[in-house]
Amino acid sequence: MRKTLVWSAAVLSLAVIIHIIAIFAVPNVIMGTLISRAGEANGVNTVFHGKRADATSRQIVRPSPDLIYSMCVFDLSEGPITLAAPIPTDTYWSLSAFDDNTNNFFVVNARQITTDHVEFVLARDSYQAPAVGGAPVILSPTATGVVLFRTLIQSEDRFEALDDVRKKATCAPL
Amino acid sequence: MKLALKLGAAFLVSVFLGLGSVYWFLEKSDFSGAGGIAVGPWTTNEQIGNVDAAPYTRAIVARRGLLALNKRETVYFNAEADNSGTPLVSNCAYTVTGVPLPTGWWSITLYGADHYLIDNPQGIFSQAKNTIVRNDQRGYVIQVSSTPEGPNGIPTGYSSGEGSRFSLTLRLYNLEEDAAEELSALVLPSIERGMCQ
């Protein structure tokens with residue numbers, strides 16, 4: 001009886017440890033899979049313009065069919081990259097950055113931008129930006145991650161025009 | 001030899017229990033844990049996308065809402081049940097009734113149990129602030145069923161047999177500051193169940 005209790009306690013204790021480790025690992029594993037698969041399929045430090053989400057879309061869970069997404073899988077291990085995009089008018093637009101643990105560490109939307117075009121430098125948090133001049137710097141807590149450009153399809157008759165604008169977004173080594 | 005077998009079996013049982021409980025948690029849990037907020041049938045978590053998110057919230061986001069924006073930009077509410085707490089199923093009809101929301105843009109999207117959009121003959125997956133037809137009070141009524149009638153329908157994709165579970169996601173982009181401070185005070189759409197096939 002005592003032996004059974006000791007074995008049961010040991011099994012349960014180990015199960016709890018495995019559970020906790022797995023819970024901590026899940027975001028890294030899922031994000032790592034996205035970074036790896038999307039990077040292999042579409043390239044790294046370059047923008048991929050996804051098609052409008054429908055029932056066949058399987059790359060990312062719970063996509064919005066009202067938005068069109070452009071994605072840049074980034075790898076800053078070789079140095080900073082630049083992100084640039086024109087801002088479409090009269091619709092929702094945002095640029096967001098996610099680290100390799102799913103954290104949304106940066107986001108900016110069209111309402112917060114007064115110009116018709118944005119440009120950023122995305123760099124590791126150890127990056128020393130030039131003292132004067134240059135684009136604003138976004139510091140990433142991890143070397144790899146994802147930048148997502150979201151554009152709202154404000155109306156169906158504007159789809160092609162908005163699609164053309166979002167396809168001008170760029171992501172490239174500095 | 002006997003001890004080695006016992007240890008091996010115990011290890012396998014531990015792995016099964018440990019990983020099985022994680023799988024169960026990710027499939028069954030909503031955002032109502034630490035930082036979770038429920039408004040009627042809708043639940044969200046203020047920590048979504050946040051650097052300080054609790055490990056369980058972060059794991060759910062990775063499984064159910066990868067690349068979700070933080071609260072400052074967007075608040076995501078999910079509903080897996082109607083007003084009475086009964087799970088949403090594709091062979092039933094629902095009436096979603098809402099009032100204007102204090103947000104730059106909003107949408108309600110229907111997802112299957114696998115968290116992807118459901119194929120349907122109408123090719124409609126959502127209704128949104130920019131597409132909805134409003135009533136005289138600036139509110140709106142959305143019919144959710146296999147063959148929704150009226151201008152604001154979202155099909156469930158049901159054709160025959162037993163219905164399957166689905167969920168609705170309410171996205172609130174650029175919430176007004178006051179509303180974002182007190183999410184539990186938001187007046188969100190009600191979800192009333194109608195006839196089932």
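**Reading the sheet and the core**

Reply: In chain B, strand S3 (residues 74-79) and strand S9 (residues 166-175) pair in the antiparallel sense over six bridges; strands are DSSP runs of E with at least two residues, numbered from the N terminus, and two of them pair if DSSP finds at least two bridges between them. Tyr76(B) stands opposite Arg171(B) in S9(B). This is a predicted model, in which local features need pLDDT of at least 70 and side-chain atom pairs count only at pLDDT 80 or more, while totals for chains, interfaces and linings use all residues. Residues are numbered from 1 along each chain as its sequence is written, chains are lettered from A in the order in which they are written, and side-chain values use heavy atoms, without hydrogens and water.

Me: In what order do the six strands of the open sheet lie in chain B?

Reply: The order is S1-S2-S3-S9-S5-S6, with antiparallel pairing. Strand S1 (36-39) and strand S6 (126-128) of chain B are the edges, since each pairs on one side only.

Me: Which residues touch the most other members of the largest nonpolar core?

Reply: In soluble globular proteins, nonpolar side chains tend to be buried together. A nonpolar core is a set of buried Ala, Val, Leu, Ile, Met, Phe, Trp, Tyr and Cys residues joined through side-chain atoms within 4.5 Å, where buried means under 20% relative accessible area (1.4 Å probe, protein chains only). Here the largest core has 32 residues, and Phe77(B), Leu168(B), Leu170(B), Leu172(B) and Leu188(B) touch the most other members. S9(B) gives the largest share, five residues.

Conventions:
Helix = DSSP H or I, 4+ residues; strand = E, 2+ residues; numbered from the N terminus. Buried < 20%, exposed > 50% of the residue type's maximum accessible area, 1.4 Å probe, protein only.
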